[in-house]
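Hi everyone, thanks for having me. Today I'd like to walk you through one structure, starting with a single residue and then stepping back to its surroundings. Here it is on the screen.

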Amino acid sequence: MEIEEFWKAILADLEIQISRPNFLTWLKSSRLKEIKGETALVSLPNHFTREWVEHKYTKIILGSIRNLNDAVKHVEYIVESSSLSFKPLVKDKKIPQPNDRQLFLQETRIDPETNLNTRYALDSFIVGSFNELAYSAAKAVIKSVGTKYNPLFIYGGVGLGKTHLIQGLGNEIKSLYKGNIKIRYVTSEKFTNEVISAIRNRRVDDIKNTYRNVDVLIIDDIQFIGGKEKTEEEFFHTFNALYENNKQIIISSDRPPKALPVLEERLRSRFEGGMIVDITYPDFESRVAIINSKLQEKGVSLDDESVSLIAKKVQKNIREIEGILNKICFYWFEREKSLGIIEIEKIVSDVTQRSANRLNPTQIIKAVSDFFEIMPNDLTGRSRNKELVEPRQIAIYLLRDMLDASFPFIASRVGKRDHSTAIYAYKKIENNLSKNPDLNQKIMMIKDVVNKMEEVR
Ligand code: ADP
Ligand code: MG
């Protein structure tokens with residue numbers, strides 16, 4: 001049997017053994033690289049997936065393989081990032097939804113030299129009181145690349161424009177300085193994957209060549225770096241090499257440097273020596289401005305009532321605003337239909353509902369119990385079994401951190417009589433996060449799972 005056929009058979013077998021969302025999230029994009037002697041080598045698209053699959057599914061994967069080929073005794077994994085790996089999720093032959101089309105467009109606009117998406121421009125970045133500090137800092141960097149604000153560290157919540165701003169900044173520097181400045185954009189997840197596979201393939205020099213020879217390094221979502229000493233070590237040396245040569249470093253993060261627990265102290269203090277700015281939630285006027293500018297970009301017009309409806313309902317996430325506008329445009333162009341206020345209201349509530357649903361206590365509890373391989377009922381029940389202590393504390397922490405749930409509510413969900421226990425557990429995890437990289441890694445992985453649950457819905 002060909003290796004691909006063989007793996008298809010294994011996947012078909014795995015698919016019936018685990019839940020569909022889990023299958024889609026973790027295994028669908030896996031491939032079998034080779035079987036060498038007693039070892040099957042499986043390739044996965046990223047570091048998180050690898051950790052998860054290795055921890056959770058090795059046993060059943062091995063079982064399925066051995067059903068067909070009992071010479072195999074071990075499964076090993078390799079990370080090979082491939083932008084194609086998420087394709088299967090949108091493969092169905094249905095009418096393209098705006099999001100798919102947008103995704104497609106975005107993918108095709110990556111500048112291979114800088115890795116920047118040319119879609120992100122500072123010109124289309126709306127500035128309001130919520131982000132003006134970050135924007136002025138970015139502007140200042142353009143004037144004195146590498147010398148004024150270095151590193152520039154921008155942090156803020158999901159969907160508030162960090163990626164847009166730092167990529168727009170990169171694009172602007174490129175167009176201003178023409179070919180005289182070498183720019184490189186990378187997400188910290190991709191960087192981590194590259195370092196890990198470089199080490200595996202003994203090609204660490206490649207990393208050095210790619211990243212230490214640039215004039216501007218832009219790292220997105222730094223909170224995902226580390227957990228692995230080698231990655232952080234490599235990042236630290238890259239950072240130092242650039243910094244000491246007055247090269248510009250631009251970083252985004254979902255939290256300030258002091259709340260990045262995995263980060264080594266020396267790196268954290270370097271970040272703190274630069275310019276740190278945050279992006280907060282946009283006020284109503286800014287939201288209206290953003291909506292109007294996006295509509296103009298798309299060539300669609302909408303009455304004021306609809307615009308202010310959207311601006312009122314979506315307060316904390318500009319990506320959500322875009323999701324709504326994409327849907328509206330979809331009807332406008334594909335169905336040649338403009339929408340009345342009732343239909344718009346429906347779209348708004350669909351999108352906001354989806355993101356409200358996205359994070360619900362049940363999902364968090366499920367993700368935590370999956371991770372520790374216990375039953376959700378045990379986690380939420382009253383058993384005093386010692387093995388349940390850590391999972392429960394982590395569940396409490398995540399319910400608070402991700403949902404902002406009240407402590408009495410949290411206590412009721414995890415079988416605690418008294419909410420002071422929940423407060424205690426929350427504080428305990430919060431304190432330990434900065435001291436315990438393992439704990440931090442666990443929490444990041446579980447959060448990642450909760451976030452992915454939405455994608456496969
Ligand atoms: P983050 O990286 O903070 O999660 P993104 O940069 O991906 O957020 O922004 C989410 C979406 O919202 C993007 O499509 C981006 O173009 C858009 N967006 C964010 N902030 C602004 C802004 N100030 N003006 C215009 N569009 C914005
Ligand atoms: Mg981003």
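Let's begin with Gln248: it counts as buried, because its relative accessibility is 0%, and the cut-off for buried is under 20%. Please keep in mind that this is a predicted model.

So where does Gln248 sit? You'll find Gln248 in strand S7. And what lies 2.8 Å from a polar atom of its side chain? That is the backbone oxygen of Tyr149. Leaving aside residues up to four places away in sequence, Gln248 touches a whole list of others, among them Val141, Ser144, Tyr149, Leu152, Asp215 and Val216.

Now let's step back to the sheet. Five strands make up an open sheet, and if you read across it, the order is S5-S6-S7-S4-S8, with parallel pairing. At the edges are S5, residues 183-187, and S8, residues 275-279, and each of these pairs on one side only. On average, neighbouring strands here are turned by 15° against each other, ignoring direction.

Let's look at one pair in there. Strand S6, residues 216-220, pairs with S7, residues 248-253, in the parallel sense, over four bridges. Across that pair, Ile218 stands opposite Ile250 in S7.

Finally, the helices. Helix H7, residues 188-200, packs on the sheet and touches S5 and S6, and its direction makes about 90° with that of S5. Helix H5, residues 132-143, lies across S4, S7 and S8, and runs at about 140° to S8.

That's my tour, and I'm happy to take questions!

Methods. Residues are numbered from 1 along each chain as its sequence is written. Chains are lettered from A and ligands numbered from 1 in the order in which they are written. This is a predicted model: local features need pLDDT of at least 70, side-chain atom pairs count only at pLDDT 80 or more; totals for chains, interfaces and linings use all residues. Side-chain values use heavy atoms; hydrogens and water are left out. Two strands pair if DSSP finds at least two bridges between them. Helices (H or I, at least four residues) and strands (E, at least two) are DSSP runs, numbered from the N terminus. Axes are lines fitted to C-alpha atoms, for helices over the stretch in contact, and angles run from 0 to 180 degrees between N-to-C directions. Contact means heavy atoms within 4.5 Å. Buried means under 20% relative accessible area, exposed over 50%, partly exposed in between (1.4 Å probe, protein chains only). A polar contact is a pair of N or O atoms within 3.5 Å; within protein, one must be able to donate a hydrogen and the other to accept it, and residues adjacent in sequence count only if both atoms are side-chain atoms.
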